[in-house]
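Subject: A structure to look over

Hello,

I am passing a structure on to you, with some notes on what turned up in it. Please have a look at it first and then read on.

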Amino acid sequence: MAPFRPSASVERLVVGLGNPGPAYEGTPHNIGYRVIDELARRHGFARARRGFDGRVAEGPMCGRTVLLLQPTTFMNDSGRSVAAALRAVKLRPGDVLVVHDHIDLPFGRLRLMEGGGSGGHNGLKSITGLVGPGYVRLRVGVDRPPSTDPDVVADFVLSPFRESRAEVDALTAAAADAVELWLDDGLEVAANRINGV
């Protein structure tokens, strides 16, 4: 199969962070992957193809041409995939939205913002190191364990959700709604609505 080449009309890049492989499916750390899958399903995107060290698909969404990306580099090297895609579509960082888990938000809460620190998230550290800090982040609250020990935190985000399937599906849908709102109305309007909840 020929290598994936995005069209010149791509206006936004939406990235969902996670780790590849069945061992990580259904874990909080892979909520970004789930949101990308939901957006692709809603908008009838073609099956994802290999590209930019990830799985990638392009199509129309909310009146724009959007590239969806799930890096398959493993979380700590996500920046390599995002930087490659960003170079290919020639967008500025502010046209990139990264969806990721966030342990410092209660389960179900969302926060949309441009820039900011990594909050200890290794995927964000990798992306910021290679593309700079100016991209947009959708932080998806997955709660945190009752410990700050890094090993306990890692085990928490890499273990299956404690919440029910229905609750995880609802969170995934809400996060996909937030991405669509950003595409439709821009960062300021979307952040005011999402962050005020």
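Strands (E, at least two residues) and helices (H or I, at least four) are DSSP runs, numbered from the N terminus. The model is a predicted one, where local features need pLDDT of at least 70, side-chain atom pairs count only at pLDDT 80 or more, and totals for chains, interfaces and linings use all residues. Residues are numbered from 1 along each chain as its sequence is written, and side-chain values use heavy atoms, with hydrogens and water left out.

How many residues of strand 5 are buried? Seven of the seven are, so the strand is largely enclosed by the rest of the structure. Buried here means under 20% relative accessible area (exposed is over 50%, partly exposed in between; 1.4 Å probe, protein chains only). One side of strand 5 holds Val96, Val98, His100 and His102, the other Leu97, Val99 and Asp101, and all are buried.

Next comes helix 1, residues 31-42. Its end C-alpha atoms are 17 Å apart, which agrees with the 16 Å that its 12 residues should span at 1.5 Å a residue (the expected span is 1.5 Å times one less than the number of residues). Its buried residues pack against several elements, including strand 1, strand 5 and helix 5. Among those buried residues is Glu38, with a relative accessible area of 16%. Beyond its neighbours within four places in sequence, Glu38 is in contact (heavy atoms within 4.5 Å) with Thr172 and Ala176. Just after helix 1, Gly44 takes a positive phi of about 65°.

Finally, the largest pocket has about 460 Å³ of space. Of the 22 residues lining this pocket, His29, Gly120, His121, Asn122 and Val157 are the closest to its centre. A pocket is an open set of points on a 1 Å grid over the protein atoms alone, where a 1.4 Å probe fits, with protein on both sides within 12 Å along at least five of seven lines; lining residues have an atom within 4 Å of a point. Helix 4 gives the largest share of the lining, four residues.

Best wishes

Technical notes. Grid points are joined across faces, edges and corners, and a volume is the space filled by probe spheres set on the points.
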